[in-house]
Amino acid sequence: MPELPEVEVVRRGLERWVAGRTIEDVEVLHPRAVRRHPAGGVDFAARLRGETVGVPQRRGKYLWLPLAGRDLSVLGHLGMSGQLLVQPADAPDEKHLRIRVRFDDAAGTELRFVDQRTFGGLSLHDNTPDGLPDVIAHIARDPLDPLFDEAAYHLALRAKRSTVKRALLDQSLISGVGNIYADEALWRARLHYERPTATLTRPLSTELLGHVRDVMNAALAVGGTSFDSLYVNVNGESGYFDRSLDAYGREDEPCRRCGTPMRRRPWMNRSSYFCPRCQRPPRVVS
């Protein structure tokens, strides 16, 4: 699934091409694309006609389009293969086009939601007083948010009684970090993914957080990570941070730091990639 850098790349594209435009019409082409909008596609389309899109927002992996002057937002669930594309209105429809949003201006472009696997979708929600769609009010701030509270995060981390990678992926503690960037940050910090959070000192958790930010900013600079054609920005272009990955996907390749072959282990229906020399597993206390 897209993680914070990929979603932020899409958000920036939407801010450039969609913010401030008024919706003329919405066409829902597949019911699953609005399944999180209980009233259905007809209601979803009707409620958006005539509304003006505000500045797109993001928290962690979650992206939404506020409606200007309203306490409502369109939340985008990208899922495994969802794409929000800004296309010329006369461009051929994509094979997996699910929702089309037309605007009432002369820009000549429209917003399309394309989703091969139909795990994602768009839905309309009331906002909280903080401006978040109410269904994601529980999501923590992400590490690139200026208001992210490092001290509170460290205390929550120590109290979690979990392992460090589980804590990095816990969206109620810190949002936006997924499997790829967790492995990358842990490699940079020389921490094994099963390291207990209770053993992390404040300097160590601060260092890890710095690596999380560094790897995400590096990914942002090159458009995110694309392993296939499913993640693209609003112009249909892939990111290429996958060329710079130090840990994820590098099983049996030499560690870029010490040369030891990298390993992969099954982990929570996913995989964890690590260097067995640089990231030694925690001691088992009998």
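Are Phe148 and Tyr153 buried or exposed? Both are buried. Keep in mind that this is a predicted model.

Let's stay with those two rings. A pair of aromatic rings is described by the distance of the centres and the angle of the planes. The count here comes to 3 aromatic pairs. One of them is Phe148 with Tyr153, a tilted pair. The centres are 5.6 Å apart, and the planes make an angle of 55°.

Tyr153 also takes us to the helices. It is among the α3 residues that meet α6. Helix α3 covers residues 150–159, and helix α6 covers 202–221. Their axes come within 10 Å and cross at roughly 115°. The crossing is right-handed. On the α3 side we have Glu150, Ala151, Tyr153, His154 and Leu157. Facing them in α6 are Arg202, Ser205, Thr206, Leu209 and Arg213. By class, that contact has 4 nonpolar, 3 polar and 3 charged residues.

Next, charges over rings. Lys165 lies over the face of Trp267, 4.5 Å from the ring centre. Arg257 lies over the face of Trp187, at 3.9 Å from the ring centre.

Last, backbone. Most residues other than glycine have a negative phi. Arg161 has a positive one, near 55°. Where is Arg161 found? In the loop between α3 and α4, the latter being 164–168. Arg161 counts as exposed, because its relative accessibility is 80%.

Asn269 also has a positive phi, about 65°, and is not a glycine. Asn269 is in the loop between β9, 263–267, and β10, 270–274. With a relative accessible area of 86%, Asn269 is exposed.

Notes. Residues are numbered from 1 along each chain as its sequence is written. This is a predicted model: local features need pLDDT of at least 70, side-chain atom pairs count only at pLDDT 80 or more; totals for chains, interfaces and linings use all residues. Side-chain values use heavy atoms; hydrogens and water are left out. Rings of Phe, Tyr and Trp (its six-membered ring) pair if their centres lie within 6.5 Å; planes under 30 degrees apart count as stacked, over 60 as edge-to-face and the rest as tilted. Buried means under 20% relative accessible area, exposed over 50%, partly exposed in between (1.4 Å probe, protein chains only). A charge sits over a ring if NZ of Lys or CZ of Arg is within 6 Å of the ring centre and within 35 degrees of the ring normal. Axes are lines fitted to C-alpha atoms, for helices over the stretch in contact, and angles run from 0 to 180 degrees between N-to-C directions. Helices (H or I, at least four residues) and strands (E, at least two) are DSSP runs, numbered from the N terminus. A crossing is left-handed if the near helix is turned anticlockwise from the far one by less than a right angle, and right-handed if clockwise. Contact means heavy atoms within 4.5 Å. Ala, Val, Leu, Ile, Met, Phe, Trp, Tyr, Cys and Pro count as nonpolar, Asp, Glu, Lys and Arg as charged, and the others, Gly among them, as polar.
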